[in-house]
Amino acid sequence: MTDITAVGVVQKAWVVAEVEGFVKLWDPDGVWTHSGHSQISGPHSGHWEITEMVRIAFEVSGGTLKAQPIELAAAGKDSVLGYFELEAQRPGAKIHQCGFQRWVVHNGKIVSLDTVYCDQDEFDEFFK
């Protein structure tokens, strides 16, 4: 068992600079689920699927995708609630909105992340 708190793991996830470092913070069976009906919506299980979803998101956005946390709060020992801002643009489309996340961390590894968006239609249209 590790001494790092769930909030500490999530804070680290937000600042890691590359996908490989981000994925190393995940349990091998971790699941990241996005709300909606886009090509990146739904559950993404394990390191490979999470990496592939991130790759698609950056590809669709032409590398312009930026997200940053606005607030993170512990919600029990293993759970963190987050409010974040997301923006990206590509020819003919842009996205700028906020979203909410629930992270679950066990033994210093992310085991699940559920993400919902304030304007689901805008998100789905951008990542269709």
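Gln11 is partly exposed, with a relative accessible area of 44%, where buried means under 20% relative accessible area, exposed means over 50%, and partly exposed lies in between (1.4 Å probe, protein chains only). The model is a predicted one, in which local features need pLDDT of at least 70 and side-chain atom pairs count only at pLDDT 80 or more, while totals for chains, interfaces and linings use all residues. Residues are numbered from 1 along each chain as its sequence is written, and side-chain values use heavy atoms, with hydrogens and water left out.

**The sheet**

The strands of this model form an open sheet of 6 strands with mixed pairing, in the order β2-β1-β6-β5-β4-β3. Helices (H or I, at least four residues) and strands (E, at least two) are DSSP runs, numbered from the N terminus, and two strands pair if DSSP finds at least two bridges between them. Because β2 (42-45) and β3 (66-74) stand at the edges with a single partner strand each, one side of each is left without a neighbour in the sheet. Neighbouring strands are turned by 20° against each other on average, direction ignored; such angles run from 0 to 180 degrees between N-to-C directions, and the axes are lines fitted to C-alpha atoms, for helices over the stretch in contact.

| Strands | Sense | Bridges |
|---|---|---|
| β1 and β2 | antiparallel | 4 bridges |
| β1 and β6 | parallel | 5 bridges |
| β5 and β6 | antiparallel | 8 bridges |

Individual residues show how these pairings are built. Thr33 has Pro43 as its bridge partner in β2 and Asp114 as its bridge partner in β6, and Asp114 is also the bridge partner of Arg102. In the hairpin of β5 and β6, which has 2 residues between the strands, Asn107 takes a positive phi near 50°.

Helix α3 (residues 46-60) lies across β1, β2 and β4, and runs at about 40° to β1.

**The nonpolar core**

A nonpolar core is a set of buried Ala, Val, Leu, Ile, Met, Phe, Trp, Tyr and Cys residues joined through side-chain atoms within 4.5 Å. The largest such core in this model has 32 residues, and those with the most contacts inside it are Phe22, Trp32, Trp103, Ile110 and Phe127. The elements that give two or more residues to this core are α1, α2, β1, α3, β4, β5, β6 and α4 (120-126), and the largest share, 6 residues, comes from α3. Leaving aside neighbours within four places in sequence, Phe127 is in contact with Ser38, Gln39, Ile40, Ala57, Val60, Leu65 and Ile95.

His34 has its place in strand β1 and is buried, with a relative accessible area of 6%. Its bridge partner in β2 is Gly42, while its bridge partner in β6 is Thr115. The side chains of His34 and Trp32 are joined by a polar contact of 3.4 Å, which is a pair of N or O atoms within 3.5 Å; within protein, one atom must be able to donate a hydrogen and the other to accept it, and residues adjacent in sequence count only if both atoms are side-chain atoms. Not counting residues up to four places away in sequence, His34 touches several residues, including Met53, Tyr117 and Phe123.

Asp29 also lies in strand β1, but at 65% relative accessibility Asp29 counts as exposed. Asp29 and His44 are 15 residues apart in sequence and 9.8 Å apart in space, C-alpha to C-alpha.

Ser38 is found in the loop between β1 and β2, and at 12% relative accessibility Ser38 counts as buried. Not counting residues up to four places away in sequence, Ser38 touches Phe123, Asp124, Phe127 and Lys128.

Note on methods. Contact = heavy atoms within 4.5 Å.
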